[in-house]
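Trainee: Could you walk me through this model before I set anything up with it?
Mentor: Gladly, let us look at it together.

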Amino acid sequence: MEKGMTAGFLRWPLAFPPDDAGARQAIGECSVDGAFEMVSVSDAAEAIVYSPEAPLTPLAGAMHYSMELVSDSGPAVERAGIVMLVAFDVPPSLTGEVDRWYEEEHIGLLMRADGWLRARRFRVVSCAGGPRWTSLAFHELRDISVMASPERAVARSTAWRAELERGAWFRAAGRGVFRPLTVQLSGSRIVDDPPVQL
């Protein structure tokens, strides 16, 4: 992917606990080719469409983010079983430092983990209906176990990260962990696909 390429991200709140049928109903047929249609596995009950290679049209009831690619670790060799989101509202005076931290340290350390497939970072161009974030990082993982890897622990324990973490903006990060939907739309009816192994 080329730097500056536009992308989109939509989020819908769901009833707790989230289920695939509710997520599919929220998402409907708004997706585009190559997009990730997912449901949360973390505390927040949400459905998302993450479109890393094309913008998405804003929809009623969905938080909408238009994004521009900042960096991409490179193509993944397999489809992600989990996508982890980290979102910041970076103060303008720290944008350069945060970009350097990601590129010179953080992403490289994470990509050493077996099953850490890809990391793409975006700058938010516009948002509607959701928290004001300026930076979104999407991490594509083979499965949920990769989050417990020693490589991730190292990446989260460096002096540089500790310095950034002192800022209230860093501690207020938005986070989410999502898995692919096992429910697909077939015409106008919802059908179950075999579940994805987490």
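This is a predicted model: local features need pLDDT of at least 70, side-chain atom pairs count only at pLDDT 80 or more; totals for chains, interfaces and linings use all residues.

Trainee: OK, how many helices and strands does the chain have?
Mentor: There are five helices and ten strands, where helices (H or I, at least four residues) and strands (E, at least two) are DSSP runs numbered from the N terminus.

Trainee: And which strands make up the barrel?
Mentor: Eight strands form a closed barrel in the order β1-β3-β2-β8-β5-β7-β6-β4, and the pairing is antiparallel; two strands pair if DSSP finds at least two bridges between them. Direction ignored, neighbouring strands of this sheet are turned by 30° against each other on average, with axes taken as lines fitted to C-alpha atoms (for helices over the stretch in contact) and angles running from 0 to 180 degrees between N-to-C directions.

Trainee: Take β1, what does it pair with?
Mentor: Strand β1 is antiparallel to β4, with six bridges, and six bridges also join β1 to strand β3 (residues 46-51), again antiparallel. On the β4 side threonine 6 has glutamate 68 as its bridge partner, and on the β3 side phenylalanine 9 stands opposite tyrosine 50.

Trainee: How many of the residues in β1 are buried?
Mentor: Six of the eight residues in β1 (residues 6-13) are buried, buried meaning under 20% relative accessible area, exposed over 50%, and partly exposed in between (1.4 Å probe, protein chains only). For the chain, buried residues make up 48% of its 198 residues.

Trainee: Where do the helices sit on the sheet?
Mentor: Helix α1 (residues 20-27) lies across β1, β2 (36-40), β3 and β8, and runs at about 135° to β2. Helix α2 (residues 95-110) packs on the sheet and touches β4, β5, β6 and β7, its direction making about 155° with that of β6.

Trainee: Switching topic, how many aromatic pairs are there?
Mentor: Rings of Phe, Tyr and Trp (its six-membered ring) pair if their centres lie within 6.5 Å, and planes under 30 degrees apart count as stacked, over 60 as edge-to-face and the rest as tilted. By this rule there are twelve aromatic pairs. One of them joins tyrosine 65 and tryptophan 133, whose ring centres are 5.5 Å apart with planes at 20°, so this pair is stacked.

Trainee: Why does that pair tie together separate parts of the chain?
Mentor: Because tyrosine 65 lies in strand β4 (residues 63-72) and tryptophan 133 in the loop between β6 (116-128) and β7 (135-141), the two parts being 68 residues apart in sequence. Tyrosine 65 is buried, at a relative accessible area of 0%, and tryptophan 133 also counts as buried, at 9%.

Trainee: What about phenylalanine 122 and phenylalanine 138?
Mentor: Those two rings form an edge-to-face pair, 5.9 Å centre to centre with 75° between the planes. The pair links strand β6, which holds phenylalanine 122, with strand β7, which holds phenylalanine 138, 16 residues apart. Phenylalanine 122 is buried at 1% relative accessibility, and phenylalanine 138 is buried at 1% as well.

Trainee: Which residues do ring pairs link into a cluster?
Mentor: The cluster consists of Phe9, Phe36, Tyr50, Tyr65, Phe122, Trp133 and Phe138.

Trainee: And which charged end sits over the ring of phenylalanine 36?
Mentor: That is arginine 79, 4.1 Å from the ring centre; the rule asks for NZ of Lys or CZ of Arg within 6 Å of the ring centre and within 35 degrees of the ring normal.

Trainee: Last one, is arginine 161 buried or exposed?
Mentor: Arginine 161, found in helix α4 (residues 159-165), counts as buried at 5% relative accessibility. Leaving aside neighbours within four places in sequence, arginine 161 is in contact (heavy atoms within 4.5 Å) with residues including Trp101, Glu105, His106 and Arg175.

Technical notes
Residues are numbered from 1 along each chain as its sequence is written. Side-chain values use heavy atoms; hydrogens and water are left out.
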